[in-house]
Amino acid sequence: MTTPYAERPALSHRTGAVGEGGEPSAYRAVDPTELVTRAVGLARETQRWWASIGFAGRRHLLDRWRQELTDGMEDLAAVVREETGKPHGDAMLEIGLAVEHLAWAARKAPKVLGRRRVGSTLLAAHLAATVEYLPQGVIGVIGPWNYPVFTPMGSIGYALAGGNTVVFKPSELTPRTGQWLADSFERAVGSPCLQVVQGEAQVGEALCRSGVDKLGFTGSSATAKKVMATCAETLTPVLIEGGGKDALIVDEDADVEAAAQAAVWGGLSNAGQTCIGVERVLAHTAVYDEVVAAIVRQASAVRAGLDDSADLGPITLPKQVRIIHDQVAEAVADGARAVVGAPASTDGVGPDSALTDPARLLQPVVLVDIPEGARIQTEETFGPVITVERVADMDAAVAAANAVDYGLGGAVFSRRNGPEIARRVRSGMTSVNNVIGFAGLPELPFGGVGGSGFGRIHGADGLREFCYAKSVARQRFTPPVSMTNFQRRARVDGIFASAVTLLHGTRPWQR
Ligand code: NAD
């Protein structure tokens with residue numbers, strides 16, 4: 001299948017490549033605006049070709065990229081592990097899920113975005129109409145470090161499947177992972193539809209100002225506000241995937257062991273550095289003691305370390321160690337009890353401390369008796385800490401879950417009423433009798449409400465997020481009563497008014 005792609009734009013250069021070892025200093029010397037302008041210009045040139053090959057052409061090439069990613073999974077996982085410190089298995093899991101999403105986006109794009117006829121109405125019977133979703137153009141993607149493959153790929157894969165090209169700024173903590181993604185795309189497709197620009201906040205700001213047609217941001221809600229402010233200067237639309245403070249609710253009829261297992265894995269995996277991680281457990285008073293005992297037993301067996309058999313890696317961002325410590329220490333000072341672990345020491349964790357610094361290995365903490373209004377109840381902790389609170393019933397559980405500004409994900413464990421309770425939680429996604437399940441189902445939109453952001457990646461919504469609706473209404477015949485001209489007389493106005501009244505007004509027998 002070479003012919004349709006013979007005219008693909010050649011690779012002219014690679015932007016912002018990372019130097020040996022991936023040190024940030026290797027790209028600091030490049031002017032951020034120049035770097036980004038070059039990348040966006042090239043992405044714009046390439047986009048015309050990428051859009052022109054249509055859904056089938058893109059699917060063929062995205063499938064090639066998917067195979068390249070899958071064949072290189074072990075290698076990419078090693079890079080992710082080196083940059084974030086997460087266990088190899090966790091890195092493999094996020095890559096595997098990203099590949100699943102890419103496959104779905106490429107396969108479903110024609111059905112979701114392709115042109116389709118839409119119905120007419122009696123008053124507009126002379127019109128035949130279609131709607132389709134066209135690519136916005138060039139999409140800027142700014143990513144975080146905690147899931148440096150899965151998270152940005154939710155924007156990148158879906159934007160590409162819709163006919164856009166992408167300029168991607170990975171986190172400054174995971175530059176080589178970002179570069180690996182772009183290089184694998186080059187190998188599979190041979191065209192610069194996905195480019196990477198490396199750097200810190202200034203490069204992100206330059207991307208916001210660069211004239212991209214949309215900016216997909218994933219990161220903290222505090223940075224999201226800055227990103228929106230910068231994008232507002234050029235009226236660049238944004239997608240915001242922000243932070244979270246997700247709750248796992250346990251009802252009195254729940255399978256307690258399963259709920260505890262979900263809380264422990266959902267709260268502690270990736271050392272708790274998961275936007276949709278479980279930060280709070282809200283347990284019905286009838287099963288509260290049982291839930292605490294099961295969580296304590298299971299969490300006590302989880303260990304952070306640098307060796308291959310450790311369950312958790314280090315805290316990737318040095319300054320996060322202090323944030324986690326302060327939230328735990330404050331809660332304990334105000335009366336909370338640590339039933340597993342203790343507030344960790346932050347001694348020696350400076351901004352330049354190495355990922356292998358033992359002080360960045362935080363062992364799991366489980367807190368109970370949380371004082372009302374503690375910061376640990378409302379602010380994102382982003383560490384291996386689970387709080388367990390007692391609630392009188394499911395109304396109280398829902399109220400407590402909703403009493404935070406964030407609204408990203410969450411979980412409910414209940415044998416009888418799971419879906420019903422889930423619907424009452426004000427968040428974009430809720431799992432029932434499992435944890436984080438929604439992230440692995442490509443059909444499901446992913447995103448939050450409130451302080452967690454807006455817009456969606458994944459699913460049909462995720463494909464449409466990077467496209468715009470194009471509506472076309474074609475006249476099939478001259479209507480007997482035409483309203484859209486200056487020649488119409490009072491008689492035509494009268495017929496129109498009667499027709500509207502007949503169709504939509506109160507019926508005589510209803511008066
Ligand atoms: P962060 O906000 O510090 O940084 C995110 C990205 O923004 C980085 O690439 C960074 O360089 C860039 N950036 C920083 N300042 C900028 C500016 N002024 N203008 C433009 N870009 C700028 O977040 P992080 O520490 O990398 O990631 C952790 C956060 O991300 C957590 O809050 C987590 O909950 C959130 N997160 C959310 C999701 C989601 O899907 N909702 C997924 C993963 C992570």
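**Entry 1: the second largest pocket**

I looked up the second largest pocket, and about 350 Å³ of space lies in it. On a 1 Å grid over the protein atoms alone, a pocket is an open set of points with protein on both sides within 12 Å along at least five of seven lines; a cavity is a set where a 1.4 Å probe fits but cannot get out; lining residues have an atom within 4 Å of a point. A volume is the space filled by probe spheres set on the points, which are joined across faces, edges and corners.

I noted 17 lining residues for this pocket; the closest to its centre are Leu122, Leu123, His126, Pro479 and Val481. Helix α17 (residues 490–504) gives the most to this lining, with four residues. Helices (H or I, at least four residues) and strands (E, at least two) are DSSP runs, numbered from the N terminus.

I sorted the lining by class and got 13 nonpolar, four polar and no charged residues. Ala, Val, Leu, Ile, Met, Phe, Trp, Tyr, Cys and Pro count as nonpolar, Asp, Glu, Lys and Arg as charged, and the others, Gly among them, as polar.

**Entry 2: the model**

I am reading a predicted model: local features need pLDDT of at least 70, side-chain atom pairs count only at pLDDT 80 or more, and totals for chains, interfaces and linings use all residues. Residues are numbered from 1 along each chain as its sequence is written, and side-chain values use heavy atoms, with hydrogens and water left out.

**Entry 3: cavities**

I found four cavities of 30 Å³ or more.

**Entry 4: the ligand**

Which residues are closest to the ligand? I counted 28 around it, and the closest are Glu172, Ser220, Thr223, Gly242 and Glu380.

I then checked polar contacts (pairs of N or O atoms within 3.5 Å). A backbone N or O atom of Gly143 lies 2.7 Å from a ligand oxygen atom. For Gly242, a backbone N or O atom is 2.7 Å from a ligand nitrogen atom. The protein covers 92% of the 850 Å² of accessible area that the ligand has on its own (Shrake-Rupley method, 1.4 Å probe).

Where does the ligand lie? Domain 1 (32–242 + 460–468) and domain 2 (247–442) both give residues to its shell, so the ligand lies between them. The domain bounds come from an automatic or database assignment.

How values were computed. Near = heavy atom within 4 Å. Polar contact = N/O pair within 3.5 Å; in protein donor to acceptor, adjacent residues only side chain to side chain.
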